Each structure stands twice: as structure tokens, then as C-alpha cells.
Amino acid sequence: MEEGNQTGMVLFHFRPFSRLPEVQMLIFVVFLIMYLVSIGGNMSIVLTIWINRCLHTPMYFFLANLASLEIFYSSTIAPLTLASVLSTERTVVSLAGCGAQMFFFIFLGSADCILLAIMAYDRFVAICYPLRYTLIMSWHLCVQLALGSLFLGFILAMQLTVLIFRLPFCSSKEISLFYCDVLPVMRLACADTHVHEATLFVVSVIVLTIPFLLITLSYVFIVDAILKIRSAEGRHKAFSTCSSHVTVVLLQYGCTSLIYLCPSSSYSPERGQVVSVVYTFITPMLNPLIYSMRNRELKDALRKAVRRFLLLEKQ
């Protein structure tokens, strides 16, 4: 490997969280626990919804899709990050490897955000048009919406990743983050990136701003409909089905907006490091906990599944 060789093989490496091996080991243990909790929690939600026929409704169909996306999303980042943190030497990533990680990160993250907007629409129909809910939210439409989120995420990820990795990179570089994110990689290019930054902003608006506005509009109608419900029990039940979704939306959109909707000139690697930990490790871990604790039907189904498993173990 020759530094400064523009025609040579380009390799990247990640900036360590700390120069102290003890701190790196502590970070590794914490990240590993969060990753395992995330995978276990989201897998439990998927299996519980799949096993229980009473949960075979559009709301839980989208929730199972969200949990599945979280599993793959976490697995795009966590394994390489854990290997990098644990290694005493620099973990080197090839141009193709970095591009693949970035593609799946954008693809799954975009689909995740779009799916959250679809889930808000599902709650809007369920609460504002309860008598027409099954007619409007047919299984055919649900599958189309889920596939649509994946298709749009795929198209956006492919275009942005190809555009960025057509840039010239002078030599092996240190990425100021623990994975191949768009802005840190873009900063390593040896060419003007104004077009790429503008493209990233447009993609961010499509993935973050527009879905968030649709979610906000949906909840304006939802709150208005809930306030018209006469019984306190009915209002509480309606609010409880939405509270977990609102919490996840605020976590997901709040953190990602701090990075991707701010001017690229104001990007701070230190802030990016902290915020990225939240939406790549903490949020995927918290999502299944939020849904299982705030959703009575899912909570009961999880309890029954655990009891069945314990009974089988005793036999």
C-alpha cells in the first residue's frame, strides 16, 4: 500500500473510539450486549407475530416487517464495528466492502423510515375509519406498501452509493466514524462534492422530511378522532396503540435528522460519532422493548410464548 498513490488500491480504516485498550474492551462489551439484545428482541417480535394467529393483522404485519428490517440493519453495522473495536490493529476495509456496507445501511435505513410512515397511515385508517379499516387495509395493499418501502429504499441507496463511489479517493484513509457513512466517506474524496452533498440532501428530504410530515399529518387527524371518543377507556385504548409508534418515530427521525438534514459544512465527527451510536445500536435495541412494553396484545402474546417454552423445557 502506497500513501498518496491515486491509482493504487484504496483502503479505509475506522477511527477508534479510544487509544486505551481497556476503554476499547469496555465499548466492545457494551456494543455486543446492545447488538445481542437488539437481535433477540426483534427476532422475538417476528416469531411471536408469526406464531400467534390473533396478531395476523395489518398493524402487526408492519411491525414484523419493521423488526425484520432492524435485524438486518443492525447486522450491517455491528459485526464490522465489533471486530474493529476488538482488534488491536487497524481494521482495513476495501473500497468495495465500504460501498456494500454503505448501500445496505442506506437501503435498510430508508426502508425503515418509510415503513414508519406507512404504520402511521395504518393507525390513521384504523382510528379515523374503523368500519372501513379491513376494506381499505387489505392484505394486497399491505404487501404492496411493504414492498414499496423496500423498492424505494433500494433505488435511493443504489443511486447515492454509486454516485459517491465514483469519486476519486487519493489513498487509504481514516473514516471518522465506526462504519462507512455517507458524509465521512464523502469527505475523503479528492474532488468537488457539492453535487453529491446536494443529492444526499434530496435523498434525506425524501426519506426523512416527507415521511415525517405525513406522520405528523396522520397524527393530527388521529388525535382529533380520539378526542371525539366519548368513553375514557376507548380514548386510552386508542392512544395506547399509537404511543409506542410515536416514541419510535421520535427516536428514529430525531437522531437521523441531526446528521442528514443539517448543512454538511456544520458536520462534526465527534457529534456524528455519538448520534450514530444512538441510531445504529441504541434505537434498534430499544424498539422491541418499547413495542412489547407499551402494546398489551403483543405483551400478552410474548408472555404466552415464554410460558410455552418453559413448559416444553420442563417436559
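Modeller: One cut-off before we start: a residue counts as buried if its relative accessible area is under 20%, as exposed if over 50%, and as partly exposed in between. And keep in mind that this is a predicted model.
Biologist: Fine. So is Phe31 buried or exposed?
Modeller: Phe31 has 5% relative accessibility, so it counts as buried.
Biologist: And what does Phe17 count as?
Modeller: Phe17 comes out at 26% relative accessibility, so it counts as partly exposed.
Biologist: How many aromatic pairs does the structure hold?
Modeller: There are 22 aromatic pairs in the structure. Take Phe17 and Phe31: their ring centres are 5.5 Å apart and the planes sit at 85°, so that pair is edge-to-face.
Biologist: Which parts does the pair tie together?
Modeller: Phe17 is in the loop between β1 (11-14) and α1 (21-51), while Phe31 is in helix α1, so the pair links parts 14 residues apart in sequence.
Biologist: Which residues form the aromatic cluster?
Modeller: Phe17 and Phe31 belong to one cluster with Tyr73, Phe105, Phe178, Tyr179, Tyr260, Tyr279 and Phe281.
Biologist: Let's switch to β1. Which strand runs antiparallel to β1?
Modeller: That's β2 (residues 92-94), joined to β1 by three bridges. Phe12 is opposite Val93 there.
Biologist: And how do β1 and β3 pair?
Modeller: In the parallel sense, again over three bridges, with β3 being residues 173-175. On that side Phe12 stands opposite Lys173.
Biologist: What is Asn42 in contact with?
Modeller: Setting aside neighbours within four places in sequence, Asn42 contacts Ala67, Glu70, Ile71, Pro284 and Pro288.
Biologist: Last one: which residues does the "transmembrane region" annotation cover?
Modeller: The UniProt record, an unreviewed entry, puts it on several spans, including 25-50, 62-82, 141-165 and 201-227. In the model, residues 141-165 are 96% helix and 0% strand, with end C-alpha atoms 36 Å apart. Residues 201-227 are 100% helix and 0% strand, and their end C-alpha atoms lie 37 Å apart.
Biologist: Great, thanks!

Conventions
Residues are numbered from 1 along each chain as its sequence is written. This is a predicted model: local features need pLDDT of at least 70, side-chain atom pairs count only at pLDDT 80 or more; totals for chains, interfaces and linings use all residues. Side-chain values use heavy atoms; hydrogens and water are left out. Rings of Phe, Tyr and Trp (its six-membered ring) pair if their centres lie within 6.5 Å; planes under 30 degrees apart count as stacked, over 60 as edge-to-face and the rest as tilted. Helices (H or I, at least four residues) and strands (E, at least two) are DSSP runs, numbered from the N terminus. Buried means under 20% relative accessible area, exposed over 50%, partly exposed in between (1.4 Å probe, protein chains only). Contact means heavy atoms within 4.5 Å. UniProt positions are given in the numbering used here, feature names are shortened, and annotations may be inferred rather than shown by experiment. Two strands pair if DSSP finds at least two bridges between them.
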